[in-house]
Amino acid sequence: MEIATGAPNPARDSSSAPKQKAMMMARIRWTDVAETYDVARPTAKMAIENLVRENLLQRSAHKTARVVRLSPDDARDIYLSREVVEAEVLRRLARKRLAPERARKANAEIAMLIDASPGEVVEPDMRFHTALIDAIGSPRLSRTYGSLASEVVFCMSQVQGASLLPTELIAAEHERILELIEAGDEDGAAALLAIHIGRARERLAERLGGVAGPEAFVPPTV
């Protein structure tokens, strides 16, 4: 991983606001964050330490923290981790024909953002995928997926920030995934997820300086 300016992360703890603000800076000292954004110094320090643990900031001994820039291989590994977990989740949900209502609501929000800034899609997009994971009803699985959340949002933010995927395509493929789950088509749901994630993965890898794989050019399936 290298260094660059970054994107907000989806922290849920009390230090969320300063964590998100900190991500907008290339070199980050907790004293500067505290003074600039009028938060307590312990809160600013905790925010930066959390971002280091979540692999969004990089810091060596006695150095200020810097924002991580993903390499193409980093991005592919994050998307691989997502796909391995999410594909099995879709299969299990399809066996039960269980399409979570929370996922439907999140996707409805995405559909309403077709004419909005692409960056606004990131938060409901993450909620859609998280709702699928949570529908399994396993706290440990949800925590495992949650451990990937910051890096997943980091990738999503770069994809949407560069307008690499049209919002209408994201919403349409989400809706089709839910339909396949309800129909009990576990293979179909997993296959569409692979297309959905693969397209984003390879377009982002190219954006980060790599060579896009064929998945980047798969035409819309819905």
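Cys 155 is part of helix H7. The structure described here is a predicted model. With a relative accessible area of 1%, Cys 155 is buried, because buried means under 20% relative accessible area. Not counting residues up to four places away in sequence, Cys 155 touches Leu 70, Ala 75, Ile 78, Tyr 79 and Leu 204.

One of these residues, Ala 75, is 80 residues from Cys 155 in sequence. In space, the C-alpha atoms of Cys 155 and Ala 75 are 6.9 Å apart. Leu 204 can also be described from its own side. Leaving aside its neighbours within four places in sequence, Leu 204 is in contact with Ala 75, Tyr 79, Cys 155, Gln 158, Val 159 and Leu 164.

## Helices H4 and H7

Helix H7 covers residues 139-161, and helix H4 covers residues 72-96. The axes of H4 and H7 come within 10 Å and cross at roughly 130 degrees. H4 and H7 are therefore oblique to each other, and their crossing is left-handed.

On the H4 side, the residues that meet H7 are Ala 75, Ile 78, Tyr 79, Ser 81, Arg 82, Val 85, Glu 86 and Val 89. On the H7 side they are Leu 141, Tyr 145, Leu 148, Glu 151, Val 152, Cys 155, Met 156 and Val 159. Sorted by class, the contact of H4 with H7 has twelve nonpolar, one polar and three charged residues.

Is Arg 82 buried or exposed? Arg 82 has a relative accessible area of 4% and is buried, since the limit for buried is under 20%. The residue is found in helix H4.

Residues up to four places away in sequence aside, Arg 82 touches His 129, Tyr 145, Leu 148, Val 152, Met 156 and Ile 197. Among them, Tyr 145, Leu 148, Val 152 and Met 156 are also listed for H7 in its contact with H4.

## The largest nonpolar core

In soluble globular proteins, nonpolar side chains tend to be buried together. In this model, the largest nonpolar core has 46 residues. Tyr 79, Leu 90, Met 126, Leu 132, Ile 181 and Leu 204 touch the most other members of this core.

The elements that give two or more residues to the core are H4, helix H5 (101-111), helix H6 (122-134), H7, helix H8 (167-182) and helix H9 (186-207). Which element gives the most? H7 does, with nine residues.

## Helices H8 and H9

H8 and H9 pack with their axes 9 Å apart, at an angle of about 160 degrees. They are therefore roughly antiparallel to each other, as angles over 145 count as roughly antiparallel. The crossing of H8 and H9 is left-handed.

H8 brings Leu 169, Ile 170, Glu 173, His 174, Arg 176, Ile 177, Leu 180 and Ile 181 to the contact. H9 brings Gly 188, Ala 189, Leu 192, Leu 193, Ile 195, His 196 and Arg 199. The residues of this contact divide into nine nonpolar, three polar and three charged.

## Ala 34 in helix H2

Ala 34 lies in helix H2, which covers residues 30-37. Ala 34 counts as buried, at 5% relative accessibility. Apart from residues up to four places away in sequence, Ala 34 touches Val 39, Ala 40, Arg 41 and Ala 44.

Ala 34 and Lys 45 are eleven residues apart in sequence. Their C-alpha atoms are 8.2 Å apart in space.

Note on methods
Residues numbered from 1 in each chain as written. Predicted model: local features only at pLDDT ≥ 70, side-chain atom pairs only at ≥ 80, totals over all residues. Heavy atoms only, no water. Helix = DSSP H or I, 4+ residues; strand = E, 2+ residues; numbered from the N terminus. Buried < 20%, exposed > 50% of the residue type's maximum accessible area, 1.4 Å probe, protein only. Contact = heavy atoms within 4.5 Å. Axes fitted to C-alpha atoms, helices over the stretch in contact; angles between N-to-C directions. Parallel < 35°, antiparallel > 145°, perpendicular 65-115°, else oblique. Left-handed = near helix turned anticlockwise from the far one by under 90°. Nonpolar A, V, L, I, M, F, W, Y, C, P; charged D, E, K, R; others polar. Core = buried A, V, L, I, M, F, W, Y, C linked by side-chain atoms within 4.5 Å.
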